[in-house]
Amino acid sequence: MADPLDPVGAFMPGPRITLPGAGSGPLAGLSFGLKDLFDVAGHVSTFGNPDWARTHPPAAITAPCVRMLTEAGATMVGKTVTVELAAGLTGENLWYGMPINPAAPDRVPGGSSSGSAAGLAAGLFDFALGSDTAGSVRIPASYCGLYGIRPTWGAVNSCGVLPLGPSFDTVGWFAREASLLRRVGDVLLPPDPPRSLGPLLKVEEAWMNADPAVAAALIPPLERLEAAFGRALQVEVAIEGLSAFFDAFRACNNEENLAALGAWVASVKPKLSPAVQARFDQAPHQPAAKTAWARHLRATAGARIRSLLGGGAVLVFPTSPLIAPKRDVGPEEVQHVRERTIGVTSISGFSGAPEVTLPAARVDGAPVGLSLLSAPGTDRALLALAERAAEVLGLP
C-alpha cells in the first residue's frame, strides 16, 4: 500500500531519519531530502543495497555538507532512494523500488539521485541533496522538471559521502526555483572571485546528438537567452566524437568503481542487480591499453574544454538528449539512452566544470532541461547567471 505521506516512493522504507535545522540561518524554515549515500551519525547508509547496509556499521559522524545545511537552518526530513551503488541513470532499484516521476508518471525519474528528484518534484521538501558522477543530479533534474547543479569537482566537501568514481563524484543539489538553487550554493560553495560570464557557446555536437524534438523544443529558450545575453557562438568540444567520450568515461569509471568498491564486492559477494553485477564482472578484464587511452582522452578533452571557458564563456546545450524513457523500457533501450546521455554529461565530468540545468521546455508532456556550463571555480557566478536566465525565460 502506498504511503500517503510519500505517494511517489521517494523516501527510503522504514522509520524516517531526520535532522533538525538550527533555529536561524539563511535556510531557516526550509526542508530537504537526502540521498541515501550521505552519512548521518547513528544510522547506516544503505547505498541502495541491502547487503551494503548489512555489512556496514552506523556512521559515527554526519557528512560535513549535511551539517552545513542544518547549521544554516534547514531541516533534513528523510533519506531518499538511490539507484544501487549510485550506478544507473534511469532510477531503477530492485530492492527499494523506482520512485514515480511526478512530472511524467509513466516515465522514469532518472538516477541515481532518483528519490531526491522525485520527492522534490512532488513537493515533499523544499530542496534536495544528491550526488553526480555521470549525470546523477543533472539527468533526474531534466527528467523531473527541476533545477539541478553539478558543481566544480571538489568544490563541495564530499567527506562522508559514499564513493563510486572518486575523481568524478560531486555533491550536487536540486531546487524548484533558481533562487533557492543559488541560496543553497551560498551555504555549500567556497567564494568565487568576482567575475561576469559570457559569451554563450552553443555546443554543436550536443545539439546534433539530441533527439530532434528535444532540440526543437529548446531552440526557443536558447533564442530568448541570446536576445538577453548576446548571440551564441557555435563551437565543438568533442572532436573525438561523443561516442568516444562515452567510451572513455566508462573505461575511466570502471577503473575507479573497481578501486572504490571492488574489494567489498569480491569479499561479500552481494546480491546486485544484473546491470550492476555485469559492471563489476567486466571491469577487472578491461584491457590496460583501453584504460590508458581513456585517461589520455579525458585529460586532453578536459584541457580543451577548460581553455574554451577561461575567459568567462558559458557552454549551452541540452542537458539530456532525450526525454525520460518509459518506465517499462527494456535493457537495450536503456543502454542506448546511457550511451547518448553520458557522451554529453562527460563534458562536465572530463573538465571538472560546474553545470546547471534549467527546466526550459517540454516534449510530449515530459520536461527537458537546458544546461549552462562555465569554468571550474565559477559556481556562484554560474548560479547567478542561471537565476537571470530563469527570469528571461519566465521560469520560477
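These legends describe close-up views of one predicted model.

Residue numbers start from 1 along each chain as its sequence is written. Because the model is predicted, local features need pLDDT of at least 70 and side-chain atom pairs count only at pLDDT 80 or more, while totals for chains, interfaces and linings use all residues; side-chain values use heavy atoms, with hydrogens and water left out.

**View 1. Ten strands form an open, mixed sheet.**
The strand order is β2-β1-β3-β5-β4-β9-β10-β8-β6-β7. Strands are DSSP E runs of at least two residues, and helices are H or I runs of at least four, numbered from the N terminus. Two strands pair if DSSP finds at least two bridges between them. β2 (75-80) and β7 (233-235) are the edge strands, each pairing on one side only. From one strand to the next, the twist averages 30 degrees.

**View 2. Strand β5 (residues 170-175) is mostly covered.**
Six of its six residues are buried, that is, under 20% relative accessible area with a 1.4 Å probe, protein chains only; exposed is over 50%, and partly exposed lies in between. In a regular strand the side chains alternate between the two faces of the sheet. One side of β5 carries Thr170, Gly172 and Phe174; the other carries Val171, Trp173 and Ala175.

**View 3. β5 pairs with β3 and with β4.**
β3 (residues 127-132) runs antiparallel to β5, joined by six bridges. β4 (residues 147-150) is also antiparallel to β5, over three bridges. Trp173 stands opposite Leu129 and is the bridge partner of Ile149. Tyr147 stands opposite Ala175.

Axes are lines fitted to C-alpha atoms, for helices over the stretch in contact; angles run from 0 to 180 degrees between N-to-C directions.

**View 4. The largest nonpolar core holds 117 residues.**
A nonpolar core is a set of buried Ala, Val, Leu, Ile, Met, Phe, Trp, Tyr and Cys residues joined through side-chain atoms within 4.5 Å. Cys65, Leu129, Trp173 and Leu315 touch the most other members. Helix α8 (residues 242-268) gives the most, with eleven residues. A second, separate core of ten residues includes Ala128, Ala141, Cys144 and Phe174.
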